[in-house]
Amino acid sequence: MSAPASPLSSAGDRHFDGLAEKFAKSLYGGPRGHLRLALLDRLLPEMLDLHGQPVLDVGGGLGQMSEWLAKRGHAVTLSEPSGEMLAIARERLAAFPVTFHQQPLQAFGEVAPGPWPLVVCHAVLEWVADPRAAFEVLTNLLAPGGQLSLMVFNRDALRFSNAVKGNLRKVLDDRLAGRGLRQRLTPISPLTHAEVTQWAEVCGLRLTAVAGVRIFHDYLRRPTETQQGHDDLLEIEWRYCRVDPHWRLGRYLLYTFERDEARNAPIGSLRESDQ
């Protein structure tokens with residue numbers, strides 16, 4: 001029996017002890033989770049330069065991406081603050097030479113600072129109280145010329161979804177973020193494309209690719225129920241996931257950033273840089 005969902009951490013971040021089972025069933029056990037993973041399976045080989053390099057999987061959760069990378073010959077280090085989710089990831093990845101650390105994103109630079117040629121951080125920044133500072137941590141983990149595969153929950157898509165559902169006052173008041181309490185899974189820090197690209201510019205990261213993940217799925221009036229329907233939806237999502245303007249309303253935005261090879265010094269505070 002899972003423990004009750006934990007409150008926010010001392011830093012104000014949302015960790016997921018007590019929610020691992022819900023994640024497995026609600027997010028990955030249904031069509032939306034299958035669609036997300038199927039799209040990543042197609043997108044990542046095209047968006048990243050993958051050649052068996054060591055990978056840091058930050059906030060790796062239940063281990064899906066670490067498994068995907070390990071199967072392709074990468075030496076993977078997985079970090080995850082939730083002990084419950086990390087235990088499931090350990091079991092899932094028992095057959096692979098994966099290194100595990102129970103650490104929040106902000107502390108991982110002290111455990112294995114790298115520099116890393118590839119850092120994967122999918123669906124993590126929206127669950128931390130200060131995603132700008134977390135983005136800076138990710139940048140400092142990268143080797144010069146290293147790649148960051150970043151996926152974030154799209155605030156613009158969340159606004160559109162609330163309007164479609166009739167939550168008009170919530171949209172007008174811009175009350176889109178969750179509070180990180182109880183069993184609800186609305187992210188506490190959904191992000192916009194403009195925010196992410198502005199932080200990248202300050203940190204000296206070059207955007208090399210972007211895509212939307214789950215552009216159409218969440219707005220279907222009737223869910224797909226047959227395998228043919230699932231296959232057709234996947235092909236529609238694939239066809240338009242990098243086509244403007246469709247990608248901009250993906251429930252998730254998937255980025256590849258590359259660190260400037262000439263920039264070796266740690267990135268300073270984004271807040272100071274913006275002044």
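**Burial, packing and backbone**

Analyst: Buried residues make up 49% of the 275 residues in the chain. The model is a predicted one.

User: How many helices and strands does the secondary structure of the chain come to?

Analyst: Contacts come before the count. Of the contacts with a separation of 6 or more, 72% join residues 24 or more positions apart. The secondary structure comes to 11 helices and 7 strands.

User: How many charged residues are in the contact of α2 with α10?

Analyst: On the α2 side are Pro31, Leu35, Ala38, Leu39, Arg42, Leu43 and Glu46. On the α10 side are His230, Leu233, Leu234, Glu235, Glu237 and Trp238. By class, the contact has 8 nonpolar and 1 polar residues, and the charged ones number 4.

User: How many residues of α6 are buried?

Analyst: Helix α6 (residues 131-141) is mostly covered. Its buried residues are Pro131, Ala134, Phe135, Glu136, Val137, Leu138, Thr139 and Leu141. Out of 11 residues in α6, the buried count is 8.

User: Which residues of α9 meet α6?

Analyst: α6 and helix α9 (residues 193-203) pack at about 45 degrees, with axes 10 Å apart. The crossing is right-handed. The contact divides into 6 nonpolar, 1 polar and 2 charged residues. From α6 come Pro131, Arg132, Phe135, Glu136 and Thr139, and they meet Val196, Trp199, Ala200 and Cys203.

User: Is His101 buried, partly exposed or exposed?

Analyst: His101 sits in strand β3 (residues 99-101). Beyond four places in sequence, His101 is in contact with Thr77, Leu78, Ser79, Glu80, Leu86, Phe108 and Val111. Buried means under 20% relative accessible area, and exposed means over 50%. His101 has 22% relative accessibility, so it counts as partly exposed.

User: Which residue is joined to Pro245 by a cis peptide bond?

Analyst: Pro245 lies in the loop between α10 and β7 (252-259). Omega of the cis bond is about 10 degrees. The partner of Pro245 in that bond is Asp244.

User: Is Arg214 buried or exposed?

Analyst: Arg214 is in the loop between β6 (205-213) and α10. Its phi is near 65 degrees, a positive value in a residue other than glycine. The relative accessible area of Arg214 is 5%, so this residue is buried.

User: What is the phi of Asp174?

Analyst: Asp174 lies in the loop between α8 (168-172) and α9. At 36% relative accessibility, Asp174 counts as partly exposed. Asp174 is not a glycine, yet its phi is positive, about 60 degrees.

Definitions and conventions. Residues numbered from 1 in each chain as written. Predicted model: local features only at pLDDT ≥ 70, side-chain atom pairs only at ≥ 80, totals over all residues. Heavy atoms only, no water. Contact = heavy atoms within 4.5 Å. Helix = DSSP H or I, 4+ residues; strand = E, 2+ residues; numbered from the N terminus. Nonpolar A, V, L, I, M, F, W, Y, C, P; charged D, E, K, R; others polar. Buried < 20%, exposed > 50% of the residue type's maximum accessible area, 1.4 Å probe, protein only. Axes fitted to C-alpha atoms, helices over the stretch in contact; angles between N-to-C directions. Left-handed = near helix turned anticlockwise from the far one by under 90°.
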